[in-house]
Amino acid sequence: MCGIVGYVGKNQAPSILIDGLNKLEYRGYDSAGIAVHDGQNINILKTKGRLSNLIKLVIENPLTGTLGIGHTRWATHGAPSDVNSHPHMSEDHVIAVVHNGIIENYMEIKAELLEKGYHFISETDTETIAHLIDCYYRDGFSFEDAVFKAVSRLEGAYALSIICRDCPGTLIAVRKGAPLVIGKGEGENFIASDIPALLNYTREVYFLEDNEIAVLTENSITIYDKDKNVVNRDIYHVTWDIEAAEKSGYAHFMLKEIHEQPKIVRETILKRVPENGDGIVLDNIKLDKQELDNIDRIYVVACGTAYYAGLIGKHLIEKICRIPVISEVASEFRYMDPILDERTLLIVVSQSGETADTLEALRIAKRNGARVLAIVNAVGSSIAREADDVFYILAGPEIAVASTKAYSAQVAAMYILTCHIALAVGKMTEEEFKAIRDELYTLPSKIELILQKENVEKKLAEKYKDVRNVFFIGRGLDYLVSQEGSLKLKEIAYLHSEAYAAGELKHGPIAMIDENTLVVAIAAQEELIEKTINNIKEVKARGAKTMAIAMKGNTKIAEVADDVIYIPRTMGILAPVLANIPNQLFAYYMALSLGTDIDKPRNLAKSVTVE
Ligand code: F6R
């Protein structure tokens, strides 16, 4: 939800800001802008639409200056428009602000400022912040202190980057509930919502914590808590390369990330289940028999794709470990008054580690004494920092808005976690574990085999691009894969698509089936396949086009479905990670055929840091 950048140093800020925004455009892309201090004044360029519109504007109206802030927006308050774009300025052009998040009490502050004679030109909550800081500044507070005063009044979740006309060498960053990273350079310093924006300049970063304010000059970074005590923070060295955040010759980040899956699944598995080791290495994750004996209920909570990965975990933990697991989307969990105590383990799953609802679920659980284990991709993210234990999935930066490689790594993490719990509570023998482990090692090369045949999905997308409705159906684990497949198609191809437990079709949705409907049957759970074949027959009889995803060698399904995509054979419990790959490719090629913006689908943003 919105990307923010800031720069202070000796180099020209505009190109650095634009470069940073380019890496953050996945966070929001309905408008963009920069504010640059030219030594005397703050000059702003901002516009509705993609970053390319801003770049055009900057080329036509070059700005100069070595201090600046920038923003790429995902609208919350006020429609995307030039005037609602960030940065926002105070009326006298003294203070400029970019903001990611929501100020919940802005109406109240706005009313107060209106009474004091301030005028507002935008519909945003952000403009209130610029005026509020300006108000304290006019009252005689220094720039820094005016920011502290203003921030103490703000309610909500936000990250801010602020500059002041009268302080041409100072950049201020504020964080509460929205991510912000500080990059330490040589004679220059940076602020960004996410690490990729910094990697062209530095690998040394500080993660700002909630309620902290950082004051940056070209030679100094000072982090304060909300009471203005100086905070000492360890520097974090980023180990991954800039290439990881670039397209490397692929047409889209999504396609690149789909193709990274063999490597990522391999790394996730090998880090925890080393080839020459004795078993599962969880490092500091505290989940031994004694701890597990103290747990009588597990929740799996997440949003979107991460939730669907979580569902695989719920299914496996219940099936194999025989421990009750409740799964819930985080946006519901936080309002359903869940039963939580010190005998509860909450597993949260999140690629970004910043999703507001998932973070709040974690906090509710902790407040009630529950243990929290987070399965997270983004190192140092809020969820990773606040959880009791973290299982990093090591997927590297995921830039495409539609999550692909994170899902596969999250599911791989669920396999490892399930085996660990099962071994600890005596529900899996060493022999059973070894059989699963050996099969786990084969998954990366099996994913590779599916990817090598991506022409299959490409042709099927061409064939089915005119369908109006899609149903994904399956049973057991296949149904869980259906849900992720359906989400992918919705979000990037903008196609009406639903996932249904195959057995539920007859209870209503079958009424919608006609010749404009495509039914995608996930049929990788071989013991359930006969029943799914019957469902395919039922929808065919009503005119639907049918496509199935099944394990190699299953010829029966080819007799009923119009098309079958075969995946390599594997154990049923490991099939989801393979069966999902054709879904990803199919969604990608459908979107390509339909001409949508694949990496930045309309109305979406990568990291949902608002409720
Ligand atoms: C779908 C997608 C979203 C995210 C969801 C949770 O492709 O990307 O549904 O999975 O917003 O995000 P994280 O995993 O960052 O908590």
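Colleague: How many residues of strand β4 are buried?
Modeller: Keep in mind that this is a predicted model. Strand β4 covers residues 67-73 and is mostly covered. On one side sit Leu67, Ile69, His71 and Arg73, and on the other Gly68, Gly70 and Thr72, all buried. So with buried meaning under 20% relative accessible area, the count for β4 is seven of its seven residues.

Colleague: Which are the edge strands of the six-stranded open sheet?
Modeller: The order to follow is β5-β6-β7-β8-β12-β13, with antiparallel pairing. Inside that order, β7 (residues 156-164) and β8 (residues 171-176) pair over four bridges, and Ala159 stands opposite Arg175 in β8. An edge strand pairs on one side only, and that holds for β5 (88-89) and β13 (221-224).

Colleague: Last one: is Glu430 buried, partly exposed or exposed?
Modeller: Glu430 lies in helix α14, residues 430-452. Together with Asp278, Glu431 and Glu432, Glu430 forms a negative surface patch. Buried would need under 20% and exposed over 50%. Glu430 has 39% relative accessibility, so the label is partly exposed.

Notes
Residues numbered from 1 in each chain as written. Predicted model: local features only at pLDDT ≥ 70, side-chain atom pairs only at ≥ 80, totals over all residues. Heavy atoms only, no water. Patch = residues over 30% accessible without salt bridge, like charges linked within 9 Å, V, L, I, M, F, W, Y side chains within 5 Å. Areas by Shrake-Rupley, 256 points an atom, 1.4 Å probe, with all protein chains shown as cover. Salt bridge = Lys/Arg side-chain N within 4 Å of Asp/Glu carboxyl O. Lys, Arg positive; Asp, Glu negative; His and termini not counted. Charge placed at Lys NZ, Arg CZ, Asp CG, Glu CD. Helix = DSSP H or I, 4+ residues; strand = E, 2+ residues; numbered from the N terminus. Buried < 20%, exposed > 50% of the residue type's maximum accessible area, 1.4 Å probe, protein only. Pairing = 2+ DSSP bridges.
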